[in-house]
Amino acid sequence: MHIIPGSVPAVLALASMPFGMTATVFWMYAYGLLLLLAGIAMIVPQLPREHGVDKVMPLGRLFYAMSLGVFGTEHFTLTAGIAGLIPRWIPAHMFWAYAVGLGFVLAALSFVVLVQARLAAALTGMTFLIFVCVMDLPGTLRHPDNRFFWALALRQLAFSGGAVAFAISRWSTREQQPWQAPGGAAWKAVPRFFVGLPALFYGVEQLLHPAYVPGIPLNKLTPEWIPGSVFLAILVGVVSVVAGACLLVNRKARMAAVALGLTLLLAMLWVYLPMLVAAPRDIVALNYFFDTLMFCGAVLLTAGAMDTPPR
């Protein structure tokens, strides 16, 4: 990538030089670690007040926020490449690349510290839905036989659903006040559909192609040195199909979302974390790791939106 002296990518690259990493990798780690530490500081005092499976729910916002913030930093280090993804009929590509990146970085921090988190979540969900309608769906319809295009489009839809789920749940405020508005029950169906449909599609694809990485079945084979990868892929596929169907028909939906979220977390520890440890400076490995972590967070946030009032 050609870096213009004095530009934002140049400044960020200069700051990363002492660490021997590319600017993209350094800032992904740096901001991800900052959000992780801030998230732990916020979540740990909250856990004693929760009971049973509710102790898992705060992880949803942490996983989602870390991934959202990490992807936001890429808008400042890979600006030209990201601007090139914007449709030609939209003006000011560089402006939108920076604006969306800044929005993601700030929204991630808002999710973690719970300051205007409900507003940030609503705007994030709307942004990802715009991505689906403006960029992903048109490209997918031009290549309807390519399953990876469908996987990418549904990934953005799931990210939108996770943000909407967080916006309407009690977990988006420090006081844990549930969102009250006319038609609230109808709004709860949005994240169920936005997350359930991708989960069902991903589960079927995982069962048909178990050699590919689990969770979001993108165009990457699971490394042969990871033991039991086929078994894990089948497990993720079965849970995804069942959970996706439960979310769509609204039967045992909360239990299904929690089960899927924990299964995806298992896949993170079994497949994606070893892949990242084996190549810690590989941007592709980082993107796959945080992609799946964000999907896991979106699923857990969806479970939280079907929450019962705190005891």
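Q: The axes of helix α2 (residues 23–43) and α3 come within 8 Å of each other; what makes α2 roughly antiparallel to α3?
A: In this predicted model, the two axes cross at roughly 155°. An angle over 145 degrees counts as roughly antiparallel, and therefore α2 is roughly antiparallel to α3. The crossing of this pair is right-handed.

Q: Which residues make the contact between α2 and α3?
A: On the α2 side, the contributors include Trp 27, Tyr 31, Gly 32, Leu 35, Gly 39, Met 42 and Ile 43. On the α3 side, they include Pro 58, Arg 61, Leu 62, Ala 65, Gly 69 and Thr 73. Contact here requires heavy atoms within 4.5 Å.

Q: Why is α3 described as roughly antiparallel to α5?
A: The axes of α3 and helix α5 (residues 93–113) come within 8 Å and cross at roughly 155°. Because the boundary for this class is over 145 degrees, α3 is roughly antiparallel to α5. Helix α3 passes α5 in a left-handed crossing, whereas the crossing of α2 and α3 is right-handed.

Q: Which residues make the contact between α3 and α5?
A: From α3, Arg 61, Tyr 64, Ala 65, Leu 68, Gly 69 and Phe 76 are among them.

Q: What makes α6 roughly antiparallel to α7?
A: Helix α6 (residues 117–142) and helix α7 (residues 147–168) have axes that come within 8 Å and cross at roughly 165°. With over 145 degrees as the cut-off, α6 is therefore roughly antiparallel to α7. The crossing of α6 and α7 is left-handed.

Q: How is it known whether Ser 67 is buried or exposed?
A: Ser 67, in helix α3, has 0% relative accessibility. Because this value is under 20%, Ser 67 counts as buried. Leaving aside residues up to four places away in sequence, Ser 67 touches Phe 290, Leu 293 and Met 294. The C-alpha atoms of Ser 67 and Gly 32 are 7.3 Å apart, although 35 residues separate the two in sequence.

Q: Why is Ala 92 called partly exposed?
A: The relative accessible area of Ala 92 is 45%. Partly exposed is the class between under 20% for buried and over 50% for exposed, so Ala 92 is partly exposed.

Q: How is Asn 250 classed by its accessibility, and why?
A: Asn 250 has 40% relative accessibility. This value lies between the limits of 20% and 50%, and therefore Asn 250 counts as partly exposed. Its place is in the loop between α9 (229–249) and α10 (253–278).

Q: How many disulfides does the rule give?
A: The count comes to zero disulfides. The rule requires a pair of cysteine sulfur atoms within 2.5 Å.

Q: Why do Cys 133 and Cys 246 fall into their accessibility classes?
A: Cys 133 has a relative accessible area of 49%. Because exposed means over 50%, Cys 133 is partly exposed. Cys 246 has 17% relative accessibility; buried means under 20%, so Cys 246 counts as buried.

Q: How many helices and strands are there in the protein chain?
A: The protein chain has eleven helices and zero strands.

Q: What share of the residues in the protein chain is buried?
A: Buried residues account for 52% of the 311 residues. The accessible surface of the chain comes to about 14300 Å², of which 73% belongs to carbon and sulfur atoms.

How values were computed
Residues are numbered from 1 along each chain as its sequence is written. This is a predicted model: local features need pLDDT of at least 70, side-chain atom pairs count only at pLDDT 80 or more; totals for chains, interfaces and linings use all residues. Side-chain values use heavy atoms; hydrogens and water are left out. Helices (H or I, at least four residues) and strands (E, at least two) are DSSP runs, numbered from the N terminus. Buried means under 20% relative accessible area, exposed over 50%, partly exposed in between (1.4 Å probe, protein chains only). Accessible areas come from the Shrake-Rupley method with a 1.4 Å probe; for residues, only the protein chains shown count as cover. Axes are lines fitted to C-alpha atoms, for helices over the stretch in contact, and angles run from 0 to 180 degrees between N-to-C directions. Angles under 35 degrees count as roughly parallel, over 145 as roughly antiparallel, 65 to 115 as roughly perpendicular and the rest as oblique. A crossing is left-handed if the near helix is turned anticlockwise from the far one by less than a right angle, and right-handed if clockwise.
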